Amino acid sequence: MATIDSLKHALRQAATATTPSSTTHPLSEVEYSAGFHAFRHGFGEKTYEDFVVPQLSVSLAPLMNSRPRVSVLEIGTGPKSVLGELPESQRRKIGKYAAFEPRDSAASALEHWVSSSGEPDADSPFPCLDCPPKVTRLPFAADMSGECVKDKYDIVLFCHSMYGMKQRRGVVERALDMLVEQPLEGVVVVVHREGLHLDGLVCHRTMSFPTGSVSVPNDDGALDSFSRFLVGFSIADTSDDERVRREWRKLCRSLGHPGEHEGDYLMFRAPEVIITFTRHARALPALLSGVPRAQDSESRILKNAKARLVHPAAVVRPTDIKHIQHCVRWAISHKVGLTVVGGGHGGHCLVPNVVAVDMSRFDSVCIFHPSATDLGPLVVAGAGAKTGDIINAAMAEGLSVPLGSRPSVGAGLWLQGGIGHLARLHGLACDAVVGAVLVSVGSESGGAVWTVGHVPVQHRPAGAVRPDCEDDMLWALKGAGTNFGIVVSVVFKTYPAPTYRVRHCITPLGNGLHAKEKLVSFDKLVASTLPRNSSADAYLYWDAGQLRLGVSTYETGQESPGLGPSIEAILGPPNTESRAVNSVDVFETEMYMSGMHGGHGGGKTSSFKRCVFLNDIGMPQMTEALLRAMETRSRPSPLCYLHLLHGGGAVGDVAADASAFGCRTWDFACVVTGVWPREQDGTGIARAAEQWVYDVVNDLLPLSAGAYGADLGPDPRDAALASTAFGPNIPLLARLKTTHDPFNVMAYACPLPAEPMEPRLIILVTGESGAGKDHCANIWASVFNTHVLGPPPARVVSISDAIKRDYAAAVGADPDRLLRDRAYKEEHRPSLTAFFQEQLRQRPRLAEEQFLRVVYGAAGVNVLLITGMRDEAPVATFSHLVPDSKVIEVRVQAAQSVRQARRGIRTSNIEDSSAVAASPLPEFTFANDADGDEGAKGFANQRLLPLVSKEMNQLADMVRTIPDFPRQGINFRHVLGIAQQPGGLSLCVSLWAHHFAGDWGHVHSLVCCEAGGFLFASSLATHVNKPLALIRKSGKLPPPTVSVFKSQSHISSFSTSSSSSCLGSPLEEGIEMEKDATPDGASVVVVDDVLATGKTLCSVLRLLTKAGVDAANVSVMVLAEFPVHRGRQALLQQGFGNVRVQSLLVLGGA
Ligand SMILES: Cc1cc2nc3c(=O)[nH]c(=O)nc-3n(C[C@H](O)[C@H](O)[C@H](O)COP(=O)(O)OP(=O)(O)OC[C@H]3O[C@@H](n4cnc5c(N)ncnc54)[C@H](O)[C@@H]3O)c2cc1C
């Protein structure tokens, strides 16, 4: 299928060739309007629906969420703006709208369309404009000056309006000059067809849609207006015009791909991009002042065909680690991403308008013989070294590292997995990684050099530090290592260098049945029977019009397990004699390099690969899918093939969650390889081969054990594959990515799926055994499910089920009875508890792991009720793990006699391991003594449903997010700003009054400290008619007072330099209250705006204790809680676990 750009080029050429001397006219107003409408609402509609509108909305969301109103300038809008299709909440944010539209008719139509704004009419595109829209009837140009370009905007948008423009860089720069800078910076957004490069302007982000297409009705009229609109002119002379249009129709029909109903439509590829620029777009000189640029003449030859066609903003080539640090700091301070070039085999090492960091100068390889560890000899390899460099250096000392099969492949391989001929014997390349040096891209640490794991002293760069997250980082580097920083070097453990005995068998495959039988035999009788020191890779490929199965066997070590005869019986005599080769020569034995297609098309081919992991390739469904890929799916080139690399053995010895590489149980890595002649790089054949690869892997994916993360990147077609690439490790990886690459510097690496949606509300249902936790939880879930929530509903999950299953497996108990049969469970209770304690001793993070497993297992559920918790302070222990969810504890209580009766036990000395009577105060307590459902239902209606009410949502919507305030990297949630919004204060007050878990009648006064506390507490005090007790900084209240020292609050710490806290001397100040503000023994409610680290709250509680208020008589109500700072844990540690804390909102982030 031709691209729309190649069609445009061909149409222009055809016009010149057909009527060389004819005069052309720019399109008339009528022709333009008709063409615009057809393109926007007909030919390219799906591209708008599937990409432009949703991604534009995503791109603008952070900016729109950060301010109450935005101003927009749109360039070359046409008669209607795409912004009219954004969700209503975003359209309502637009307070000022201006456009440049040079065509009179389009400008008039636009004025008419946009002028309905301001009316209280649901159809108004921008219903909240603060001033009349302004449409300037001029073309926008790089050299514009004067009145019409003096205003500043939050957003400048070019949506498909750059096609006719000269000096595109200049035009974008002119737009950049029109962006607001204060208080928050604006953004220029360009929607264009793929291939827009802007001479060194650096983008903030770029998103692509390579599968975009345009479909045109295959009739003369539609093709005429389509072609005219595309070339942007018509022919003056009528008869010339007729001749040219005839040629154009022919061209469209020959280049277009017939749509589904052959002949009705013609389709053209229209790959799209959305690129955003900020004022930092011109920051390249600041980078180049500190790091050498790769000169074109010495530019390395990228191995990947796609990458070779890309125009990055620049390629820099660091020669010193300081250069890499400079790159990272530059990227963070200018809010741009980077790509890294290792061996250049991946398709994403270069991205248009993004700076690439070429690591080729870091290519040293050292062999190190440590004396003090049991790791044996190590290889320390720079990130610019290639597989061949490492193998050569290791082999010189009789050693080897399990890497891949091609010598030119680089760091992308060992950072993302690494499957080679030693995988069955020693595991993956990433399994051999024992340490690494990397430059961090974190918010505090950005640019710091980190050493993780085992790195010999002499290979630790000066100034390198071991980060707190060292274990997590080493874990993540082993499989997802391109996502967390720029890796400078890696340390591998080594193995004795093997000698390989290699043989190839090639057998033609007959009809479908014969082909299937051969595959089954290969799987069952050859591959599955091999010992670990042997492997059998298979190839399915066409040669000389015949489908063939090629098998290469690799044996290491002395013992020959009789490989030869079994293979020969099944596949026929070998095509090559068995020969012994060393670790270097083995590279040349690859069948696709030596045997197939004349040695990879004589070495003059390019390829595109994606890989999925398969088991049971002899299974009928599997053989069918493999053969379908080769026989019936239209392969765009006869060179395309499937390569099945043998797995199993040591690959599966590593637990799936022991490293980020989470797909461990597979027999074969099936590399679907699209191949085409190199001279056809960038053409339709290359694109078709790429699409064939995606079609085949998508066909295999449902049958697979996951996809291989190497090679996956920002192409949206990779997203589905990436979501299966990390097995059970996705939640942890997603969390680490958010924490350690908060600015998304490594934005174009293998995509880590977003953190699974956490439930909005998590209710931890605790209580003593027999109190009726499961019973109540089920009733509460059904109340949620029958009320306004809508799908997805509430769900109950028992956290102890997983451990019960593990226990059952370990001791041979019946897992089903353990879950369902109460008496059986009671019988096993003591040994089950002992088992749990032992597990906990062996895996200190077991409780956290189980909690997260349960939460993510219920991804998408709105309200999750968890029973079976054994932890004493579960909210303080777990809430920071799910910072976007509101986590509360509801304790179910029942009299001992009731509990005994429910458990069917008559004795009074029950040992209850889950007794929690002495644990900290939960948010709510429910007395479940009565039989029946009514009490529990009433409790849910009164206490639980309000937690997910409409009013709660309204309150949450009032919190604006301000990026990089008060310093870079902080997304400031403006909680106090709620008070500035119409109705904000009264909404808080009524929610607090209603949600309070205690009894207002028993409360003596409300306690608050400045500034947020004063504001909110005074309104609440008026509402509930209680006096206020004010807490101020020392010296502000008249005597007599009581006072305590208070360390710096979370918010104040934002603006304090880190050096002061490094000195270990947190700033302290005194706080005080009047001595008799609260009578001794009074019950009080502390009201504050934010609970973060809990430092302020702990100080307030200490002050109250000093003033004679018992902590047991204190309740706390805050407007917003930030669980990541673990404020509840701080309260617990300081002895205030018995203080009930209620938060209206829970906010993720800092
Ligand atoms: C001919 C060929 C043979 C292959 N054979 C095998 C094989 O036998 N076994 C196997 O497992 N895979 C194999 N692969 C797949 C290969 O592992 C991936 O393509 C891998 O990503 C290539 O890494 P690279 O460094 O060469 O490529 P690059 O494109 O340079 O890098 C790939 C990715 O890694 C990132 N990256 C590179 N260096 C760093 C760094 N220092 N810090 C952070 N990120 C970095 C890049 O930004 C990019 O996203 C093969 C691929 C090809 C084309």
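Angles between axes under 35 degrees count as roughly parallel, over 145 as roughly antiparallel, 65 to 115 as roughly perpendicular, and the rest as oblique. The structure is a predicted model, in which local features need pLDDT of at least 70 and side-chain atom pairs count only at pLDDT 80 or more, while totals for chains, interfaces and linings use all residues. Residues are numbered from 1 along each chain as its sequence is written, and side-chain values use heavy atoms, with hydrogens and water left out.

**A helix pair**

Helices (H or I, at least four residues) and strands (E, at least two) are DSSP runs numbered from the N terminus. The axes of helix H32 (residues 950-957) and helix H33 (residues 984-995) cross at roughly 135 degrees and come within 11 Å; axes are lines fitted to C-alpha atoms, for helices over the stretch in contact, with angles running from 0 to 180 degrees between N-to-C directions. H32 and H33 are therefore oblique to each other. Glu-951, Met-952, Gln-954 and Leu-955 of H32 make the contact (heavy atoms within 4.5 Å) with Leu-987, Cys-988, Leu-991 and His-995 of H33. These contact residues divide into five nonpolar, two polar and one charged, where Ala, Val, Leu, Ile, Met, Phe, Trp, Tyr, Cys and Pro count as nonpolar, Asp, Glu, Lys and Arg as charged, and the others, Gly among them, as polar.

**Buried helices**

Buried means under 20% relative accessible area, exposed over 50%, and partly exposed in between (1.4 Å probe, protein chains only). Eight of the eleven residues of helix H23 (residues 730-740) are buried, so H23 is largely enclosed by the rest of the structure.

| Helix | Buried residues |
|---|---|
| H6 (residues 168-177) | Val-171, Val-172, Glu-173, Arg-174, Ala-175, Leu-176 |
| H23 (residues 730-740) | Ile-730, Pro-731, Leu-733, Ala-734, Arg-735, Leu-736, Lys-737, His-740 |

Strand S5 (155-159), strand S6 (187-193) and strand S12 (272-277) are among the elements that cover the buried residues of H6. Those of H23 pack against strand S20 (449-453), helix H15 (470-480) and helix H28 (846-857).

**A loop residue and an annotated span**

Gly-649 is found in the loop between strand S28 (641-646) and strand S29 (668-677). Its relative accessibility is 22%, so Gly-649 counts as partly exposed. Residues up to four places away in sequence aside, Gly-649 touches Arg-424 and Arg-532. From Ala-175, Gly-649 is 474 residues away in sequence and 58 Å away in space, C-alpha to C-alpha.

The unreviewed UniProt entry places the feature "domain: FAD-binding PCMH-type" at residues 308-497. This span is 24% helix and 24% strand, and its end C-alpha atoms lie 35 Å apart.

Technical notes. UniProt positions are given in the numbering used here, feature names are shortened, and annotations may be inferred rather than shown by experiment.
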